[in-house]
Amino acid sequence: MSYFSTLTDIVTCNLSEILANEADPEAAVEQIIFEIQEGVSGALRSLNTARNKVSGLEHELAEHKQEADKLAQRAREAVERDNESDARRYLLRKSEQLDLVAGLEQQLASANNLVTHLTTTHRALEARLHDAQRKQQELKTGVVGEDAPVSVPEEEQEPVEPSRSRQIEDELAALKKQLGRE
């Protein structure tokens with residue numbers, strides 16, 4: 001039985017409610033964890049694809065800006081040589097390059113928005129995965145709540161993103177400072 005049909009279903013589900021309706025909650029939570037792991041993997045693939053798209057667009061954008069600059073310089077040189085015909089031709093090509101730049105900038109903005117959205121979704125899925133793993137431990141150990149131990153095999157643990165790790169360290173330092181334990 002599949003518990004989720006979309007990633008949104010995973011993020012918005014109430015695990016306690018789902019498990020309360022199951023005859024075998026331990027088997028159900030294993031299936032749920034499997035499905036969430038599949039969702040996390042898919043979200044990560046999509047996120048990596050989107051990041052690669054951003055990188056490609058940034059590279060292409062830089063090339064077209066550089067080409068526009070070169071064409072502007074060639075137009076200037078043509079004017080210095082009193083060759084208005086060539087200057088017009090270079091300026092027309094520069095204008096075309098700038099049109100491409102404008103279109104690429106819009107595409108880049110959209111791609112960056114997609115990366116932000118996919119990053120948020122990926123993090124939400126990881127949070128739901130950790131929640132399901134805690135539920136699984138609660139069922140196994142009988143210890144309920146945030147203090148329930150979670151034993152995730154080392155090979156299944158996802159590394160913490162450097163930006164997320166830095167955010168956590170900054171927050172920890174702020175808490176220590178508030179409590180005068182710095």
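1. Asp 82 is exposed, with a relative accessible area of 70%. Here buried means under 20% relative accessible area, exposed over 50%, and partly exposed in between (1.4 Å probe, protein chains only). Asp 82 sits in the loop between α3 (25–80) and α4. Its phi is positive, about 60 degrees, although Asp 82 is not a glycine. Helices are DSSP runs (H or I, at least four residues), numbered from the N terminus.

2. On provenance: this is a predicted model, where local features need pLDDT of at least 70, side-chain atom pairs count only at pLDDT 80 or more, and totals for chains, interfaces and linings use all residues. Residues are numbered from 1 along each chain as its sequence is written, and side-chain values use heavy atoms, with hydrogens and water left out.

3. Salt bridges: the count is seven. The rule asks for a side-chain nitrogen of Lys or Arg within 4 Å of a carboxyl oxygen of Asp or Glu. One of them joins Glu 80 to Arg 76, with the closest N and O atoms 3.7 Å apart. The two are four residues apart in helix α3, so about one helical turn separates them. Glu 80 is exposed at 56% relative accessible area. Arg 76 is exposed too, at 53%.

4. Which residue forms a salt bridge with Arg 128? The partner is Asp 131, at 3.0 Å between the closest N and O atoms. They are three residues apart in helix α4, so about one helical turn lies between them. Arg 128 is buried, at 17% relative accessible area. Asp 131 is partly exposed, at 21%.

5. Thr 119 is also worth a look. It is found in helix α4 (residues 84–141). Is Thr 119 buried or exposed? Thr 119 is buried, because its relative accessible area is 13%. Leaving aside neighbours within four places in sequence, Thr 119 is in contact (heavy atoms within 4.5 Å) with Leu 47 and Arg 51.

6. Rings: there is one aromatic pair. Tyr 3 and Phe 4 form it, tilted, at 6.5 Å centre to centre and 50 degrees between the planes. Rings of Phe, Tyr and Trp (its six-membered ring) pair if their centres lie within 6.5 Å; planes under 30 degrees apart count as stacked, over 60 as edge-to-face and the rest as tilted. Both Tyr 3 and Phe 4 are buried.
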